[in-house]
Amino acid sequence: MNKPVKNSVRLSNYFMPTYKDNPKEAEIVSHRYMLRAGMIQQTSAGIYAWLPTGLRVLNKIADIVRAEQNASGAHEVLMPTIQSADLWRQSGRYDDYGKEMLRITDRGDRDMLYGPTNEEMITDIFKSHVGSYKQLPRNLYHIQWKFRDEVRPRFGIMRGREFLMKDAYSFDLNKEDAQYAYHKMFLSYFRIFAKLGVQAIPMKADTGPIGGDMSHEFIVLADTGESEVFADKKWFKTDMTAKGLEYNDREGLSNFYKEMSGIYAATDEIHKPEDAEGVDLKTARGIEVGHIFYFGTKYSEPLGATVQDNEGNQITLHMGSYGIGVSRLVGGIIEASHDDNGIIWPESVSPFDIGLINLKISDDSCNEVCEKIFNELDAAGKEVLYDDRDEGAGKKFNDMDLIGLPWQVTIGPKGVKNGMAELKNRKTGEKSELPIDSVVEKLS
Ligand code: ATP
Ligand code: MG
């Protein structure tokens, strides 16, 4: 019997169905690789089941988003997927949303819907408990499945009908405070994408009737992106982590926001050549992975969400909402990071840290060395995918490149005789030999 491990798996008893050939239905690389690596399976148009490897990535992304939203002072809640139509009638969106909204009737003939977003519900929850300016500011978020009956679901989980979103909602007494809430989310998004190992550029977006400059789409550049974008080349030299800046530094955040939103970037919907005069512009395509928005009293007004200020006046709350496409990011990261052989995961979201390849499972000495490395790396807190299948070397190497873990360790009979293992860096392709005894230390 094998020793139990914490975070690692043996491929021989895992569930990661891999495929050599590109599936015909997949038009873009992330969709192809996700299907071939056994990360997802379509169950109906635009609706997917997440298989173990895909789910590991999805959860890692959600955890990074969660940690940084918490650090910014937001609090996590969990609202249901199914909502009553009543609130949507109050806000006026029940009819506006049209066919994208999946409408359901319950057994009591009440109109229900599968939530495409949660402004109405969070506003209603908030107003039931908050009546005074002293309970402000607040920011509440959840990470929950949404449903939008998209006309053209495509590109796998990139434009799905059911998808996982992080959506946060801020509540403030006035526009100035709401601006500060917006700046906090702006910084939080920079840090989230930096931690995810992907560059997402904030682009000015349409603010509709609210006006002002407080709506940004965060866009990952990729040739397969659905939007055409125009960005100052300076973005590619900008450090996106804003080290040292604290969320409670209101002035620092405001300056950071001014500086960053001063570097030109806009999607085609809003881009005007005259606004970008003199800018060294890059035209590219991009994937919207996040969207932040200040919308004032658009929902608080019709839903009657007010608080009393320090003079006893009833004030309508100022709100913003802040979305991240958690499931779309899985594809977005692959679009931004892959080669002809497969995915190249950034370390922070990789389903495993290390792939361990046993070239000859009929060889006791290979098995012994692999078991030892496997158990020790796992005990050191590493997540290891151990390929102990009865398969040829070619298939093992191909699968390992396809699923794109940052490090590969290969153990074969020749190496074992000489006490040597091979280490490969997936991103650079660099291979090196190292003593078997030093593998664990080198990788932990
Ligand atoms: P899009 O313009 O791509 O349709 P949206 O502007 O309608 O998106 P938002 O309402 O801003 O989307 O939702 C927040 C985030 O949720 C988006 O930035 C995107 O990352 C993600 N998202 C939206 N629709 C989908 C979808 N159909 N499939 C996967 N992710 C999605
Ligand atoms: Mg959007």
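Glu-288 is partly exposed, because its relative accessible area is 27%; the class of partly exposed lies between buried (under 20% relative accessible area) and exposed (over 50%), with a 1.4 Å probe and protein chains only. His-291 is likewise classed as partly exposed, at 24%.

The model is predicted: local features need pLDDT of at least 70 and side-chain atom pairs pLDDT 80 or more, whereas totals for chains, interfaces and linings use all residues. Residues are numbered from 1 along each chain as its sequence is written, chains are lettered from A and ligands numbered from 1 in the order in which they are written, and side-chain values use heavy atoms, without hydrogens and water.

| Strand pair | Sense | Bridges | Bridge partners |
|---|---|---|---|
| S10 (residues 200-204) and S11 | antiparallel | five | Ile-201 and Ile-219 |
| S11 and S14 (residues 281-296) | antiparallel | seven | Ile-219 and Glu-288 |

Strand S11 (residues 215-221) is largely enclosed by the rest of the structure, because six of its seven residues are buried.

Thr-267 belongs to strand S13 (residues 265-267). Thr-267 is buried, with a relative accessible area of 3%. Leaving aside residues up to four places away in sequence, Thr-267 touches Met-203, Lys-204, Glu-217, Ile-219, Glu-228, Val-229 and Phe-230, where contact means heavy atoms within 4.5 Å.

At the level of domains, an assignment that is automatic or from a database gives domain 1 (9-14 + 352-443) and domain 2 (39-343). The C-alpha centres of the two domains lie 40 Å apart. Nine residues from domain 1 and eight residues from domain 2 take part in the contact. About 760 Å² is buried between the domains, with 39% from carbon and sulfur atoms; buried area is the accessible area (1.4 Å probe) lost by two parts on being put together, summed over both. Three salt bridges are counted between domain 1 and domain 2, a salt bridge being a side-chain nitrogen of Lys or Arg within 4 Å of a carboxyl oxygen of Asp or Glu. The side chains of Glu-383 and Lys-60 form a salt bridge at 3.0 Å, N to O.

Conventions. Helix = DSSP H or I, 4+ residues; strand = E, 2+ residues; numbered from the N terminus. Pairing = 2+ DSSP bridges.
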